[in-house]
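Thanks for asking me to look this one over. My notes follow as numbered points, with the model itself up first.

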Amino acid sequence: QVLVVESGGGSVQAGGSLRLSCVVSDYTDNSAWFRQAPGKEREGVAAISTYSGSTYYADSVKGRFTISRDNAKNTVFLQMNNLKPEDTAMYYCAAAAQWWPAASLLRPQAYDYWGQGTQVTVSS
């Protein structure tokens, strides 16, 4: 079984930064970060293609979050800057076993392996 392990969550004040890391036990096609706040649906935040390096972002985080990767180490990062209270959520790393088109990369159906989640809390 492919294991996915996130780290880097925590509590910060609005305007602060956090960097999340995700280590995947085996090579996968694509990786992404999702988040879910209480009472809300799971939201695709950012995704990255293993092959092309292309990145995709939710409109709510464009210009503030950056997803990157180290393919040799099977590690994905999410740099989160200028955090806002509405960014508060449980953040999950996900990895795909198969290729999916770009339009699907922020949808949870595209991913097969999920981490346990890491909590991000942003206070005002």
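1. A word on terms before the strands come up: helices (H or I, at least four residues) and strands (E, at least two) are DSSP runs, numbered from the N terminus. Residues are numbered from 1 along each chain as its sequence is written, and side-chain values use heavy atoms, with hydrogens and water left out. Please keep in mind that this is a predicted model, where local features need pLDDT of at least 70, side-chain atom pairs count only at pLDDT 80 or more, and totals for chains, interfaces and linings use all residues.

2. Let's begin with T28, which sits in the loop between β3 and β4 (30-36). Is T28 buried or exposed? Buried means under 20% relative accessible area, exposed means over 50%, and partly exposed is in between (1.4 Å probe, protein chains only). With a relative accessible area of 9%, T28 is buried. Contact here means heavy atoms within 4.5 Å; leaving out residues up to four places away in sequence, T28 touches T50, A95, A96 and Y113. From C-alpha to C-alpha, T28 and N71 are 9.3 Å apart in space, although 43 residues separate them in sequence.

3. Next, strand β3 (residues 18-24) itself. Five of its seven residues are buried, so β3 is largely enclosed by the rest of the structure. Two strands pair if DSSP finds at least two bridges between them. Strand β1 (residues 4-7) pairs with β3 in the antiparallel sense over four bridges, and E6 has C22 as its bridge partner in β3. Strand β8 (residues 75-80) also pairs with β3 in the antiparallel sense, over six bridges; there, S21 has F77 as its bridge partner.

4. F77 has another neighbour worth a look: the charged end of R19 sits over the F77 ring, 4.0 Å from its centre. The rule for a charge over a ring is NZ of Lys or CZ of Arg within 6 Å of the ring centre and within 35 degrees of the ring normal. R42 lies over the face of Y92, at 4.1 Å from the ring centre.

5. Now the aromatic rings. Rings of Phe, Tyr and Trp (its six-membered ring) pair if their centres lie within 6.5 Å; planes under 30 degrees apart count as stacked, over 60 as edge-to-face and the rest as tilted. That rule gives three aromatic pairs. In one of them, F34 and W114 have ring centres 5.0 Å apart and planes at 55°, so the pair is tilted. This pair links distant parts of the chain, with F34 in strand β4 and W114 in strand β10 (residues 113-114), 80 residues apart. Y111 and W114 form an edge-to-face pair, 6.4 Å centre to centre with 75° between the planes. Together, F34, Y111 and W114 make one aromatic cluster. F34 is buried at 0% relative accessible area, Y111 is buried at 5%, and W114 is partly exposed at 28%.

6. Finally, the nonpolar cores, meaning sets of buried Ala, Val, Leu, Ile, Met, Phe, Trp, Tyr and Cys residues joined through side-chain atoms within 4.5 Å. The largest has 27 residues, and those with the most contacts inside it are W33, F65, I67, L78, M80 and Y91. A second, separate core of eight residues includes A47, A94, A96 and A110.
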